[in-house]
Amino acid sequence: MHDPESSAAPASAEAPASSPSARSRAVALRATLGSAAAFGGLALAYPQAGAASLAAFAALMVVVHWPRARRRTALRGAGPEAPRLWPDQGMKTVIDALGEPVFLVDRDFMLRYRNASALEAFGNMALGDPVSLRLRSPELIAAMELCQRSGEAGEVVLDERRPTDRTWLVTIAPVRAPRGERPRFFLLKFRDRTAETRVERMRTDFVANASHELRTPLASLSGFIETLQGPARDDEVARERFLAIMREQASRMSRLIDDLLSLSRIEMKRHLPDTARADLVRVFDKVADQMRPLAEEHGVSLEYERPERPLRIVGDEDELLQVFANLVENACKYGADGKRIVLKLEAVGGRQVSSVEAGVQDFGPGIAPEHVPRLTERFYRVDVGSSRAMRGTGLGLSIVRNILLRHRSRLVVRSTLGIGSTFSARFPLVRDDMAANGEREGKTKA
Ligand code: ADP
């Protein structure tokens, strides 16, 4: 293992004849002999100046030999009492106690110790290897160099792309050395900021998307207003046509604002679990009644096999109504070619019925697999043109997802191109209904 400091002592102790230390020894020897001869000669020639010559010789010897003697002492000191190059047990114990990944590096940024979290986060990096071997970030290296020069702690953001996208906030701090010496070790502490960064990015994307969605109809409205005030001022036919388009654009803006408000209301209470009870059979009855006219408008039949008993879950009836009405609306808008929509409500769990699966199935064109995981993203649309033509905002499934999260459930999408799609969610039944439905299952099977 490379040990930069320890290599210094033996190299200078066994310096070859041509080395600077050998040369300085020869110079000192020549100076000693030369000045001894000169001062000796002077003392012999002028015995009355003997004491002064001796004093001058002594002073010269001090000047010539003092620095070498000091260097020798320093080299001797580097032997048994050389600065320790490895972190001591105390340091290791403290680093182990920290929950976040921590590295301890030396002045040359060689890894000298790391805790278990660091091992888990960055894999098994060999002690003694440069940290830059694994963390190839010029910003991190620059921050470490700055910390080394200034002796002050610093922070840097480290973005990792592989093996997964992760963002770390790295704090680099010198470990204070005794007696005002330069720090020998530096601590690299990593705080995982991946989730925070993702949320920040989502928020900025959301604002950008929302403004863009609102700006489009707004631009169209302004354009028509200008035309009506200018070239089409006296054109009655054009005015009627333009006013119809303007009304459609204004209602698009208002739908968008309604959906945005709805989404923000639901997101605000997403973490507040509901305590109310809702009967999914009642919810589905209402959805069927409410959505039948839209289904007819699209030439689609709405099929619903109504369970006999209530299926009660913990949840808010209005929010659940919003979920399934939204799914039926989408099935009408995008799956009308299949001519059928089936509302499905099934108790699941065999004899021990414990939950209920509620879904909406259509027999439309289906959705390509690469789009399925992204459907619940805000403003995500498989085909923007067809969504706009269907008066979509791209927020419907995002609202659905958030309501389901609040109900401790999640949206499951099964879709096959050319066959159709099923959007469903599973909810735990409340206890008394579990018993009732279990009984019923038992009877039918008997
Ligand atoms: P939109 O307001 O555009 O309908 P949604 O969030 O409700 O927004 O849906 C997102 C996208 O998912 C739609 O634009 C559409 O492309 C696709 N989609 C949703 N439901 C279906 C479905 N039943 N069949 C095919 N595609 C669908």
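Helices (H or I, at least four residues) and strands (E, at least two) are DSSP runs, numbered from the N terminus. The model is a predicted one, in which local features need pLDDT of at least 70 and side-chain atom pairs count only at pLDDT 80 or more, while totals for chains, interfaces and linings use all residues. Residue numbers start from 1 along each chain as its sequence is written.

Nine of the eleven residues of α12 are buried, so the helix is largely enclosed by the rest of the structure. A residue is buried if 20 or more other C-beta atoms, placed from the backbone, lie within 10 Å of its own, exposed if 12 or fewer, and partly exposed in between. The buried positions in α12 are Gly-396, Leu-397, Ser-398, Ile-399, Val-400, Arg-401, Asn-402, Ile-403 and Leu-404. After α12 comes Arg-408, with a positive phi near 55°. For the protein as a whole, 23% of the 446 residues count as buried.

The ligand is surrounded by 21 residues, of which Val-382, Ser-387, Gly-392, Gly-396 and Leu-397 are the closest; a residue is near a molecule or strand if its C-beta atom, placed from the backbone, lies within 6 Å of it. Both α10 (317-334) and α12 (396-406) supply at least two residues of this shell. By residue class, the shell holds eight nonpolar, ten polar and three charged residues. Ala, Val, Leu, Ile, Met, Phe, Trp, Tyr, Cys and Pro count as nonpolar, Asp, Glu, Lys and Arg as charged, and the others, Gly among them, as polar.

The protein contains 13 helices and twelve strands. Five strands make up an open antiparallel sheet ordered β2-β1-β5-β4-β3, where two strands pair if DSSP finds at least two bridges between them. From one strand to the next, the twist averages 25°; axes are lines fitted to C-alpha atoms, for helices over the stretch in contact, and angles run from 0 to 180 degrees between N-to-C directions. Strand β1 (residues 102-106) is joined to β2 by three bridges, in antiparallel orientation, and Phe-103 lies opposite Arg-114 in β2. Helix α6 (residues 138-150) packs on the sheet and touches β3, β4 (166-175) and β5 (185-192), its direction making about 165° with that of β3. Contact requires C-beta atoms, placed from the backbone, to lie within 7 Å.

Technical notes: Two residues are in contact if their C-beta atoms, placed from the backbone, lie within 7 Å.
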